[in-house]
Each structure stands twice: as structure tokens, then as C-alpha cells.
Amino acid sequence: MLLLELYWSFIKIGFTSFGGLSMIPLISSEMISHGWMTASEVSDIVAIAEMTPGPLGLNCATFAGMRAAGVLGAFVANLGALAPTYTFCVMAAIFLDHFRKNKKLAQIMLGVRPACVGMVAGVVIDLALVNYSDIEGKIHLPSLILGVTDLIMLVKFKISIPKVLLFSALVGIILYGVIGL
């Protein structure tokens, strides 16, 4: 019964939130109302989930399910959290496949694709302004040089992302920890 309750709780969380931080109040409510965790434990779970790699919702589901019912609970909570996404993806795939040659859908996609690229470009610009400037808003040359170097490593030399991140972390330690820029 506990596993079914966990599954149902995380299906509700998945269908009624949009991932990330919007899941936290729902996870907290479900965990506390079922007596699986205290508010303090939920806070700890969220902090741990934020620090670990992967989506916040799945990390929370893993830790909450583990706390409530062990490894099987973590597995069931993740299945519940993923069920809404999987359902929507399957429906979208069926819909798009069914209407692939539909003229109206083709026109819609002609407008949506550039909008998506524009939104990604906007995020890139915002992140660049934050990451390549100092507290006073002036361009921080070492960060800019590191960013350009990383881009060249990724695009021209096809070096893997983990290796580029490791390189950047080491440069950061040297520049800011050892040299003290």
C-alpha cells in the first residue's frame, strides 16, 4: 500500500507542477501529510537534491521515496514523477506523427522554431552578462577569455563537456584561489 501511495503522490506532483522549484511545495505537502517526513527532513531533502546532479524533481523523488520505503520506494516515486512527462511525450509524438503533413501545423512550427531559438539566445545573453562581468558591471577579461577558450575547445576541437568543465574548474582554482584575481 505504501508503494502505491508513493506512486500516486508523485504522479499528482508531476501532473500539477512544472518541474524544478514548483515541485517543492507539493513534495513538502505530500511528505508531511502522509507522515513520511517532517518539515525539517523535507528541507534537508531539497537541499541535497539541489546539490546533486540531475533534475530537482527526480532527485527529490529519489530521496523522498528512499526515506519513505527504501530503494523500491525511490524507484516507485521516480516512476510516478516521470509518468506525466512520459504520457505527454507519447501524446505529443502521436499528435505530431498524425499531423506531420498538416499545412496548419507546418505553419505553426515555422513560427515556433525561431521563437525557441530566440528564447535560447536570450538566456545565453543574460547568462553572458552575468558571467562575464564583475560586480560593477564591467567586463571581466579572465572570465571572457576562459569562456571563449571553452567555446573553441567544444566547437573546434570537439572536446567533451566534462573535460571542458574540469579544465575550467582547474583554471578557476588557479586564477581565483592561487593567484587571487
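What volume does the second largest pocket have? The second largest pocket has a volume of about 160 Å³.

## Ground rules

This is a predicted model: local features need pLDDT of at least 70, side-chain atom pairs count only at pLDDT 80 or more, and totals for chains, interfaces and linings use all residues. Residues are numbered from 1 along each chain as its sequence is written, and side-chain values use heavy atoms, with hydrogens and water left out.

## The second largest pocket

Rolling a probe the size of a water molecule over the atoms shows where empty space is left. A pocket is an open set of points on a 1 Å grid over the protein atoms alone, where a 1.4 Å probe fits, with protein on both sides within 12 Å along at least five of seven lines. Lining residues have an atom within 4 Å of a point. The volume is the space filled by probe spheres set on the points, which are joined across faces, edges and corners.

Here the lining is Val 124, Leu 127, Ala 128, Asn 131, Tyr 132 and Ser 143. Helix α5 (residues 103-131) gives the most, with four residues. Helices are DSSP runs (H or I, at least four residues), numbered from the N terminus. The lining has four nonpolar residues, two polar and no charged. Nonpolar covers Ala, Val, Leu, Ile, Met, Phe, Trp, Tyr, Cys and Pro; charged covers Asp, Glu, Lys and Arg; the others, Gly among them, are polar.

## Two aromatic pairs

The structure holds two aromatic pairs. Rings of Phe, Tyr and Trp (its six-membered ring) pair if their centres lie within 6.5 Å; planes under 30 degrees apart are stacked, over 60 edge-to-face, and the rest tilted. The ring centres of Phe 15 and Phe 88 are 5.6 Å apart and the planes stand at 85°, so this pair is edge-to-face. It links distant parts of the chain: Phe 15 is in helix α1 (residues 2-16) and Phe 88 in helix α4 (residues 56-98), 73 residues apart.

The rings of Phe 95 and Phe 99 have centres 4.9 Å apart and planes at 50°, so that pair is tilted.

## Helix α1 and its buried residues

Buried means under 20% relative accessible area, exposed over 50%, and partly exposed in between (1.4 Å probe, protein chains only). The buried residues of α1 are Leu 6, Ser 9, Phe 10, Ile 11, Ile 13 and Gly 14. They pack against α2 (24-33) and α4, where contact means heavy atoms within 4.5 Å. Phe 15 is partly exposed, at 42% relative accessibility.

Lys 158 has a positive phi of about 55°, although it is not a glycine. Lys 158 lies in the loop between α6 (141-155) and α7 (161-179). At 65% relative accessibility, Lys 158 is exposed.

Conventions:
Helix = DSSP H or I, 4+ residues; strand = E, 2+ residues; numbered from the N terminus.
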